[in-house]
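Me: I would like to learn how to read helices, their packing and a few loop residues from a structure. Can we work through one case, feature by feature?

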Amino acid sequence: MAKIKRIGVLTSGGDAPGMNAAIRAVVRATLYNGCEAYGIYEGYQGLINGDIKKLRSNHVSNIIQRGGTILKSARSKEFRTVEGRAKAAANMREHKIDALVVIGGDGSFTGARIFGQEHGIPVVGIPGTIDNDLYGTDSTIGYDTAVNTAVDAVDKIKDTASAHNRLFFIEVMGRDAGFIALRVAISTGAEAVLVPEIESDLTDLNDFLGKDYDPTNSSAIVIVAEGEKSGGAMQIAEKVSKSHPNYDIRVSILGHMQRGGSPSPFDRVLASQLGVAAVEALLDDQSNIMVGIMNKQITQVPFNKTIKNTKSLNPELLKLVKVLSFR
Ligand code: ATP
């Protein structure tokens with residue numbers, strides 16, 4: 001492989017708090033190692049459009065604490081085509097960018113893998129998604145912050161739920177994965193959690209509500225992941241209100257607030273470590289891999305593996321919700 005002199009960085013897919021900290025780390029580590037850093041704006045679409053800027057150290061000053069991404073993110077249909085990726089590769093050649101760091105989720109890594117193989121460009125991925133649904137890393141950048149934000153909101157809803165003896169169904173993010181929902185449920189002492197990974201027939205929930213729940217003298221919180229199979233918090237609340245018409249039921253959908261805000265110290269440190277690890281991996285002739293952290297050790301996981309494998313929810317944690325809501 002030719003010696004890498006210029007490294008490009010982009011953010012792709014859903015934004016996540018901590019992406020800025022990762023951009024900063026990639027840029028600073030690139031410069032530290034005597035290379036030049038290039039920011040690509042609006043993900044793969046920016047690579048296709050040639051929206052590329054040389055970044056100096058001061059361009060990433062004062063961003064470690066900011067949510068969102070200074071490079072913007074996008075979903076690019078054109079990058080899914082051979083022609084789109086050829087334009088992207090031509091722009092990289094024009095700017096003499098030798099290698100690419102992609103901060104995003106599994107969709108972004110699928111694109112990165114195809115792109116890298118088609119055009120012989122070294123690509124390393126950094127897991128940036130609030131959903132934590134990537135195999136090969138204990139935590140993704142943004143997950144910890146999103147959980148903190150959701151816990152803060154649920155704590156507040158609990159106050160009003162208890163003042164009125166209400167049953168609240170609170171929907172948190174997670175289209176395909178229940179990591180946020182499960183962690184939020186344990187942290188807030190929720191009575192139940194419904195996640196996409198488990199086909200919920202509502203039997204457990206109905207058992208709990210039917211036998212143990214006194215709607216005149218108690219409140220309850222049920223955390224629902226948005227991708228839950230029966231359709232999310234609204235639909236579940238409707239079903240439960242039919243079977244339990246005397247309950248005072250409310251629904252709260254937390255929505256995009258979970259993506260925003262200042263990243264937690266955990267996410268800032270994770271992003272900093274992974275940004276440096278990604279650059280070091282490229283300079284060490286690694287390609288087609290995602291960098292992650294498992295059991296406090298940096299990991300390098302082939303894109304293939306992280307895309308194909310599914311990270312499972314910890315069954316012990318699921319059981320914990322049940323045990324700790326026992327009345
Ligand atoms: P999140 O987990 O937050 O949704 P993601 O990285 O999975 O993030 P996607 O929208 O799935 O987000 O993918 C981001 C971009 O990656 C897409 O808009 C597209 O440009 C590119 N991409 C995804 N899948 C492919 C593919 N099969 N071929 C080429 N490019 C792809």
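Me: Which elements cover the buried residues of α4?

Reply: This is a predicted model. In it, the cover over the buried residues of α4 includes the helices α2 (43-49), α3 (82-94) and α10 (303-308), together with the strands β4 (99-104), β5 (123-127) and β10 (289-294).

Me: Which residues of α4 are buried?

Reply: Buried is taken as under 20% relative accessible area. In α4 that applies to Ser108, Phe109, Gly111, Ala112, Phe115 and Gly116. They lie on the same side of α4, because the arc they cover around the axis is only 160°.

Me: How is the length of α4 checked, and what follows the helix?

Reply: The check compares an expected span with the distance between the end C-alpha atoms. Helix α4 (residues 106-119) has 14 residues, so at 1.5 Å a residue it should span 20 Å; its end C-alpha atoms are 20 Å apart, which agrees. After α4 comes glycine 120, with a positive phi near 60°.

Me: Which residues of α8 are buried, and which are exposed?

Reply: In helix α8 (residues 233-243), the buried residues include Ala233, Ile236, Ala237 and Val240. Their arc around the axis is only 100°, so they sit on the same side of α8. Glu238 and Lys242 are exposed on the other side of α8.

Me: What describes two packed helices?

Reply: Two packed helices are described by the angle between their axes and by the distance between the axes. Take helix α1 (residues 19-32) and helix α9 (residues 265-283): their axes come within 7 Å and cross at roughly 35°. The crossing of α1 past α9 is right-handed.

Me: Which residues make the contact of α1 with α9, and how do they divide by type?

Reply: From α1 come Ala21, Ala22, Ala25, Val26, Ala29 and Thr30, and from α9 come Arg268, Ala271, Ser272, Gly275, Val276 and Val279. The residues of this contact divide into 8 nonpolar, 3 polar and 1 charged.

Me: At what angle do α6 and α11 pack, and in a left-handed or right-handed crossing?

Reply: Helix α6 (residues 179-188) and helix α11 (residues 315-324) pack at about 40°, and their axes are 10 Å apart. The crossing of α6 past α11 is left-handed. On the α6 side the contact is made by Leu182, Arg183, Ala185 and Ile186, and on the α11 side by Leu317, Leu318, Leu320 and Val321. By type, the residues of the contact of α6 with α11 are 7 nonpolar, no polar and 1 charged.

Me: Let us turn to backbone angles. Where is asparagine 165 found, and what is its phi?

Reply: Asparagine 165 is in the loop between α5 (143-163) and β6 (167-172). Its phi is near 50°, a positive value in a residue other than glycine. Asparagine 165 is partly exposed, at a relative accessible area of 24%.

Me: Is lysine 296 buried or exposed?

Reply: Lysine 296 counts as exposed, because its relative accessibility is 79%. The residue lies in the loop between β10 and β11 (297-302). Phi of lysine 296 is near 70°, again positive in a residue other than glycine.

Me: Which residues does serine 218 contact, leaving aside its neighbours within four places in sequence?

Reply: With those neighbours left aside, serine 218 is in contact with Asn165, Arg166, Tyr213 and Arg327. Serine 218 lies in the loop between α7 (203-212) and β8 (220-225), and at 12% relative accessibility it counts as buried.

Me: Where does proline 215 lie, and is it buried or exposed?

Reply: Proline 215 lies in the loop between α7 and β8. At 17% relative accessibility it counts as buried. Neighbours within four places aside, proline 215 is in contact with Asn165, Asn246 and Tyr247. Proline 215 and tyrosine 247 are 32 residues apart along the chain, and their C-alpha atoms are separated by 5.7 Å.

Key:
Residues are numbered from 1 along each chain as its sequence is written. This is a predicted model: local features need pLDDT of at least 70, side-chain atom pairs count only at pLDDT 80 or more; totals for chains, interfaces and linings use all residues. Side-chain values use heavy atoms; hydrogens and water are left out. Helices (H or I, at least four residues) and strands (E, at least two) are DSSP runs, numbered from the N terminus. The expected span of a helix is 1.5 Å times one less than its number of residues. Buried means under 20% relative accessible area, exposed over 50%, partly exposed in between (1.4 Å probe, protein chains only). The arc is that of the directions from the helix axis to the C-beta atoms. Contact means heavy atoms within 4.5 Å. Axes are lines fitted to C-alpha atoms, for helices over the stretch in contact, and angles run from 0 to 180 degrees between N-to-C directions. A crossing is left-handed if the near helix is turned anticlockwise from the far one by less than a right angle, and right-handed if clockwise. Ala, Val, Leu, Ile, Met, Phe, Trp, Tyr, Cys and Pro count as nonpolar, Asp, Glu, Lys and Arg as charged, and the others, Gly among them, as polar.
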